Amino acid sequence: LGGNAKTTMIATISPTDSNFAESLSTLRYASRAKEIENKATINEDPNDKLIRRLHKEMKFLRSQIQSSATIGSKEREALVTEL
């Protein structure tokens, strides 16, 4: 009932009087288990996360350079090529 996975539980009970205590115990357990909440996280390599963030930043910086009107076209091309 934990970790980064979805869990399904089926609680089966018996309609007979002879299994009342067991059925009640099963229902109590199912009720407690239903209240458990997990926060799943993505298992990823920190280096992959850093690389993805840096690629995103490079894309943003390239768009900023392309939209900048304050520098000449040769300087702009040199900066884009450098990134």
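Biologist: How do you know that the distance between the end C-alpha atoms of α1 agrees with the span that its 15 residues should have?

Modeller: The expected span of a helix is 1.5 Å times one less than its number of residues, and for the 15 residues of α1 this should give 21 Å. The end C-alpha atoms of α1 are 21 Å apart, which agrees. This is a predicted model, in which local features need pLDDT of at least 70 and side-chain atom pairs count only at pLDDT 80 or more, while totals for chains, interfaces and linings use all residues. Residues are numbered from 1 along each chain as its sequence is written, and side-chain values use heavy atoms, with hydrogens and water left out.

Biologist: What makes a stretch a helix here, and how many does the protein have?

Modeller: Helices are DSSP runs of H or I with at least four residues, strands are runs of E with at least two, and both are numbered from the N terminus. The protein has 3 helices and 0 strands, and its pattern along the sequence is therefore written α-α-α.

Biologist: Why is Ser23 called buried?

Modeller: Buried means under 20% relative accessible area, exposed means over 50%, and partly exposed lies in between, with a 1.4 Å probe and protein chains only. Ser23, found in helix α1 (residues 20–34), has a relative accessible area of 9% and is therefore buried. If contact means heavy atoms within 4.5 Å, Ser23 touches Ile13 and Ser14, leaving aside residues up to four places away in sequence. Over the whole protein, 7% of the 83 residues count as buried.

Biologist: How do you know that the buried residues of α1 line one face of the helix?

Modeller: The buried residues of α1 are Ser23, Ala30 and Ala33. Seen down the axis of α1, they fall within an arc of 90 degrees, so they line one face, the arc being that of the directions from the helix axis to the C-beta atoms. On the other side of α1, Phe20, Ala21, Arg28 and Arg32 are exposed.

Biologist: What makes Glu57 and Arg53 a salt bridge?

Modeller: A salt bridge is a side-chain nitrogen of Lys or Arg within 4 Å of a carboxyl oxygen of Asp or Glu. The closest N and O atoms of Glu57 and Arg53 are 3.6 Å apart, and the pair forms a salt bridge; the count by this rule comes to 1. Both residues lie in helix α2 (residues 46–67), 4 residues apart, about one turn of the helix. Glu57 is partly exposed at 39% relative accessible area, and Arg53 is partly exposed at 47%.

Biologist: Why does Lys6 count as exposed?

Modeller: Lys6, in the segment before α1, has a relative accessibility of 86% and therefore counts as exposed. The C-alpha atoms of Lys6 and Asn38 are separated by 9.1 Å, although these residues are 32 residues apart along the chain.
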